[in-house]
Amino acid sequence: MTTTELPESLISTLPGHFYTDPQIFALEQAKIFEDMWFCAIRASDVPTPGTFRTVQVGTESIIISRSRRGEVRAFFNICRHRGIRLCMEDAGDVGRAFQCPYHAWTYDLDGKLIAAPNLTRMPDVDRDEYGLKKVHLREWLGYVWVSLADEPPSFEATVLQEVVDRLGELTNLDHYEVQKLAIGRRIVYDVKANWKLIVENFMECYHCATIHPELTEVLPEFADGLAAQFFVNHGAAFGDDIKGFTIDGSEGLDEIPSIDPDQERKYYAITIKPQVFVNMVPDHIIFHRMYPMAADRTIVECDWLYLPSVVEQGKDVTKSVELFDRVNRQDFDACERCQPAMSSRVYRDGGVLVPSEHHIGLFHEWLQSKIQA
Amino acid sequence: MLRICPLAELPAGEALRVDEVSPPIAVFHTDDGEVFAIDDTCTHQDASLADGWLDGCEIECPLHASKFDLRTGEVDAPPAKQGVRTHAVTITDGDIYVTLSDQTPNLPPGVTA
């Protein structure tokens with residue numbers, strides 16, 4: 001970065017190449033996505049033994065599945081014999097075992113090697129030792145979080161601390177009982193932008209009045225450009241004539257009964273680094289997970305979570321979903337328009353952050369300390 | 001007659017590979033409470049049927065899903081073409097005993113007794 005003197009109102013962003021350089025992305029894969037806790041799937045995505053999903057975590061493909069006893073398991077998607085990728089699909093059901101399509105090495109749903117041609121003539125091959133390589137996992141908020149690190153960081157000091165930093169205390173999120181909610185809608189966005197542009201976008205609201213007219217209608221204070229994430233435990237209040245968090249301000253779905261009276265008619269947002277955004281409103285949770293695929297491509301999977309009764313009864317969530325789906329598209333369009341500019345000579349030293357965006361500077365400091373470590 | 005183990009040590013739905021004999025045998029305790037013994041090695045490719053999937057009186061090889069009838073040893077599903085030998089089972093005083101068949105086993109290519 002250059003040492004050009006900036007006016008006091010402004011601080012610098014990261015240099016442009018941080019958003020385009022494959023070497024920077026490789027460092028982020030190794031030191032962030034493969035080293036921290038990574039929110040992989042909703043536990044209900046693998047409802048029964050043998051159902052699985054594969055997800056990209058850093059450079060690795062990971063299988064998340066459920067054992068015969070119904071416990072969630074995570075493995076590297078690699079046969080221990082010759083390394084072939086076991087599961088090629090994004091999701092499916094292997095039945096009772098993972099079988100390598102190359103030499104038929106066969107692993108049970110706990111990852112143990114249970115059969116292979118001539119295996120009985122190799123009694124010295126330990127079936128646990130040569131089982132699928134396991135990945136650390138935690139279930140929280142109804143999601144499966146994995147860590148590829150040999151020694152994962154403390155979940156409490158990283159993931160949970162992000163919630164404490166934003167909401168003051170964990171109970172302010174516990175009230176929503178996110179783990180009990182059901183998926184009313186899932187939309188997957190393939191965004192041609194660096195993951196950090198998406199994080200930065202989510203952290204500030206300086207853009208809200210310009211690109212999110214519908215959201216600003218529902219949350220009028222967003223017009224001042226200060227995001228809910230600028231403060232601690234600040235909920236953005238619904239407008240006076242707004243009945244619910246919907247595209248037209250009409251009535252929402254059934255309110256989550258356990259929320260605090262303070263949380264009614266308010267919107268809260270949390271960024272859980274490196275790849276999760278949680279949005280809380282009285283009747284639903286909007287839960288974003290990013291899968292950074294390349295320096296210029298990020299897949300975002302977004303779940304709209306409602307009370308199970310809302311989903312079971314088939315209530316119409318269209319107006320509810322449409323509000324944040326539109327916000328997402330507006331945001332991701334903006335990020336995609338930024339991406340090509342990241343390699344411009346004009347952006348070589350980066351851009352600037354105004355005071356209502358200065359907290360993004362902390363994200364940049366965090367990122368640099370991570371990849372330099 | 002070969003003493004295998006107490007019946008109580010082989011729960012229903014489980015199988016035991018016995019490799020003190022050659023070729024090794026597999027003893028199954030079905031969910032219906034019956035006990036069967038067959039040759040353990042799949043006749044298609046060297047794999048332990050005791051590691052396979054027990055469904056009623058049928059065992060499915062874990063490698064290529066050949067199926068054998070535990071009562072007759074016959075092939076119920078390919079790719080195996082030849083059946084496995086069955087061995088007579090008796091339960092005496094709570095212990096499982098097997099009388100080995102004197103027929104010639106059908107072993108996969110590359111495997112000898």
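## About the model

This is a predicted model, in which local features need pLDDT of at least 70, side-chain atom pairs count only at pLDDT 80 or more, and totals for chains, interfaces and linings use all residues. Residues are numbered from 1 along each chain as its sequence is written, while chains are lettered from A and ligands numbered from 1 in the order in which they are written.

## Where chain A meets chain B

Let us start with the two chains. Their contact draws ten residues from chain A and nine residues from chain B; two residues are in contact if their C-beta atoms, placed from the backbone, lie within 7 Å. On the side of chain A that touches chain B, five residues are nonpolar, three polar and two charged. In this sorting, Ala, Val, Leu, Ile, Met, Phe, Trp, Tyr, Cys and Pro count as nonpolar, Asp, Glu, Lys and Arg as charged, and the others, Gly among them, as polar.

## Two domains in chain A

Chain A splits into domain 1 (38–147) and domain 2 (156–372), with bounds that come from an automatic or database domain assignment. Taken over C-alpha atoms, the centres of domain 1 and domain 2 of chain A are 32 Å apart. Nine residues from domain 1 of chain A and eleven residues from domain 2 of chain A make up the contact between them.

On the domain 1 side of chain A, β2 (38–42) and β3 (51–57) each supply at least two residues. Here β2(A) gives the most, with three residues. Strands are DSSP runs (E, at least two residues), numbered from the N terminus. By class, this side of domain 1 of chain A has five nonpolar, three polar and one charged residues.

## A closer look at strand β15

Now for β15 (residues 276–281) of chain A, a strand that is mostly covered, with six of its six residues buried (20 or more other C-beta atoms within 10 Å of a residue's own, with C-beta atoms placed from the backbone). A:Val276, A:Val278 and A:Met280 point one way from β15(A), whereas A:Phe277, A:Asn279 and A:Val281 point the other way.

β15(A) has antiparallel partners (strands pair if DSSP finds at least two bridges between them). With β14 (residues 266–272) of chain A, β15(A) forms five bridges, and A:Ile272 has A:Val276 as its bridge partner. A hairpin through three residues joins β14(A) to β15(A). With β16 (residues 284–294) of chain A, β15(A) forms six bridges; there A:Val281 is partnered by A:His284. A hairpin through two residues links β15(A) to β16(A).

Technical notes:
Helix = DSSP H or I, 4+ residues; strand = E, 2+ residues; numbered from the N terminus. Buried ≥ 20, exposed ≤ 12 C-beta atoms within 10 Å, placed from the backbone.
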